[in-house]
Amino acid sequence: MSENMTRRGAIKGLAGIVGGLLALPAARTCKAAVQNGLASSPAPAGYDPFKHKWLMALDVDRCIGCGLCVEACCQENSVPEGHWRTWIERYVITKPKAESGDTRGETFVDSPEAGRNGFPESLIPKEEILKSFFVPKLCNLCEHSPCTQVCPVGATFDAPDGAVLVDKNYCIGCGFCVQACPYGCRFLNPVTHTADKCTLCYHRITRGLKPACVEICPSQARIFGDRMNPVAEDPLERFIANNKVEKLKQSLGTGPRVVYAGLDEEVR
Amino acid sequence: MNTTILTNLVDTLPQFQGYAYPNERTLHPLWGVLIVVYPYITGLVAGAFIMASLVRVFKVRALEPTYRLALLTALAFLLCAPLPLLFHLGHPERCFEIMMTPHFSSPMAMFGFVYAWYLMAVLLLELWFDYRRDFVAWAKTETGLRGIIYQAFTLGVTDVTEPALRLDERIGRIISIVGIPSAFLLHGYVGFIFGSIKANPWWGNVLMPIIFILSAVVSGMALCVFAYMFLCWARRITAEMRCLDLMASFLFFALVVDTTIEGLDWLHRLYSAEEGIDVLRSLATSKLFYTLLIGQACLGTLAPFLLLGTMQLFRRKVAELNRRRVYFASSALILLGVLAMRWNVVIGGQLFSKSLRGFMSYKMELAGSEGWLLSLALLALPFLVLTVLVKYFLARDLPTMENVVPGAAPRGGKPPAPS
């Protein structure tokens with residue numbers, strides 16, 4: 001075969017490779033344009049996702065575990081029964097055994113019905129409890145979201161405004177993203193048979209409203225804002241300035257953006 | 001009445017112990033038994049192909065009687081490989097999106113390309129170049145449907161002169177050489193799907209693709225031993241002992257490498273004792289006790305390891321019949337052991353919460369899309385396909401080229417046609 005190779009042929013081949021490489025960016029731009037045209041999101045026409053950066057912050061010390069946020073989320077987003085876009089966890093940490101030298105005893109976590117109906121009294125006697133607190137959970141709006149990385153068709157995507165969304169008209173329902181989310185935030189919707197998750201109530205925030213969970217929270221444990229358009233006395237800015245904030249499972253390198261104040265080491 | 005009580009009882013039993021994230025508290029794991037079957041089948045494909053490559057690339061002549069059988073086995077299983085995935089999808093009608101608009105950062109998006117490459121560019125091509133001269137011969141002698149099939153498969157290329165056959169041989173070997181990394185790619189990518197999930201300490205492991213490849217080679221070789229012995233039994237002919245001994249040797253050495261790497265994986269996990277090791281340890285000793293420690297470790301690895309190892313040491317002292325029995329039993333045990341391994345990886349990774357605070361349970365159903373019946377059917381289907389393929393392309397009464405075209409070039413380095 002090699003004796004048939006001419007210089008002309010070799011140059012043609014090289015030119016083809018170079019041409020192909022040059023065409024790649026153009027092809028990618030076309031693909032992005034087509035995807036933009038085909039992608040569906042609940043945002044109204046005229047909404048520019050490049051001009052916003054949404055963020056949620058959670059004040060653990062303020063959460064009273066009433067479950068209204070979970071109920072509001074379920075109603076607002078028609079979340080199918082047994083699945084949750086947001087939930088509340090209750091942590092009960094017992095006192096250490098006498099003379100054990102430990103700083104704390106056992107940790108018990110529960111979230112009956114995701115905390116939707118509040119929490120029944122803990123079975124652990126009060127005198128044995130060292131401390132107890134509630135932690136609201138939702139999509140962590142990761143910067144390097146593993147769910148987006150693994151989607152085989154690009155149905156889930158990081159919107160420029162910080163939301164991580166799923167195009168349910170495009171998702172094939174393989175469940176890879178559900179497996180890849182380390183926070184347990186995703187589920188396969190039994191009605192649409194596609195991946196589902198917290199969208200920050202995208203249909204609301206893109207119309208100037210707050211997410212349902214933030215709107216209803218009676219103790220202002222959930223703070224929501226637009227980092228690109230801070231309002232006067234911006235609550236989110238104040239929250240971040242006044243608290244030592246943390247994020248969940250940072251060691252995994254997912255770059256979670258949702259910030260927490262008052263987290264205990266037991267919270268995962 | 002009893003059924004109702006039982007159903008109610010099962011429904012009221014806790015689906016999890018400890019704490020699991022609310023979305024994890026489902027009755028079935030998201031990836032059920034179909035996703036167990038899928039890597040099992042692709043692994044068998046890759047392993048069977050490696051077995052065939054031993055003849056073609058590494059010129060292990062003693063294995064020639066199994067060359068075509070190994071290739072046909074790989075083809076039969078490859079044809080069925082996408083089915084479990086397809087049945088599992090929430091929207092199977094959108095499956096082509098994986099190939100039309102692949103998201104290149106996803107290992108799953110590579111499925112379409114890897115599969116198409118392996119089927120079209122490797123397996124079918126190698127088979128065609130290997131069978132071409134026979135298709136030409138059979139098209140001349142066979143009539144009816146068989147004749148039409150063989151005629152069609154010649155693709156109109158009826159040149160069986162010596163240079164043409166030499167070219168077939170050469171191209172076949174090149175494809176086979178390309179096929180080895182392709183087979184590793186096919187199964188390595190399946191391992192990568194699991195190994196890349198850093199959210200799950202049971203899966204997220206750099207050794208996962210390597211373990212998948214090695215276990216694939218072991219299971220594929222075991223399948224070839226199994227299929228060859230079964231075919232000989234069905235045809236009432238004696239399997240060639242030299243071939244069987246050699247296959248068993250390769251199987252043993254592959255098992256040694258596989259066991260070493262899997263052992264190393266566990267050693268590393270236990271020694272480094274990273275976050276989550278307590279959960280993994282209790283998973284291995286409780287929820288996966290029967291499938292991991294009994295099924296995979298003892299029956300699927302240790303028993304064949306000892307059996308085949310003994311045969312390596314004392315082959316001359318063991319009667320042929322007993323050796324055959326040991327080989328058959330070992331290959332069957334390995335096949336079950338690797339199935340258990342796939343179960344342990346796929347289901348095991350979903351039996352504990354990603355909060356590392358609790359365990360979920362798995363109640364497998366008989367019927368339904370994630371039930372026993374469909375899984376068994378999908379596991380049986382490749383064997384049915386293989387039976388058809390053997391009937392059409394490995395039939396004993398098919399003539400050889402030498403019988404049809406007097407003076408035709410003799411086959412170089414090919415297995416003798418079944419007599």
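Visitor: Which residue is the bridge partner of A:Thr94 in strand 4 of chain A?
Guide: This is a predicted model, in which local features need pLDDT of at least 70, side-chain atom pairs count only at pLDDT 80 or more, and totals for chains, interfaces and linings use all residues. Residues are numbered from 1 along each chain as its sequence is written, and chains are lettered from A and ligands numbered from 1 in the order in which they are written. Strands here are DSSP runs of E, at least two residues, and helices are runs of H or I, at least four, numbered from the N terminus. In strand 4 of chain A, A:Thr94 bridges to A:Ile129.

Visitor: Over how many bridges do strand 2 and strand 4 of chain A pair?
Guide: Two strands pair if DSSP finds at least two bridges between them. Strand 2 (residues 87-94) and strand 4 of chain A run antiparallel, and their bridges number eight.

Visitor: Why is one side of strand 3 and of strand 4 of chain A left without a neighbour in the sheet?
Guide: The open, antiparallel sheet of chain A has three strands, ordered 3-2-4. Strand 3 and strand 4 (129-137) each have a single partner strand, so the reason is their place at the edges.

Visitor: Which element gives the largest share of the side of chain A that touches chain B?
Guide: Contact means C-beta atoms, placed from the backbone, within 7 Å. By that rule, 34 residues of chain A meet 29 of chain B. Strand 3 (107-110), helix 3 (146-150), helix 4 (176-180) and strand 7 (187-188) of chain A each supply at least two residues. The largest share, four residues, comes from helix 4 of chain A.

Key
Two residues are in contact if their C-beta atoms, placed from the backbone, lie within 7 Å.
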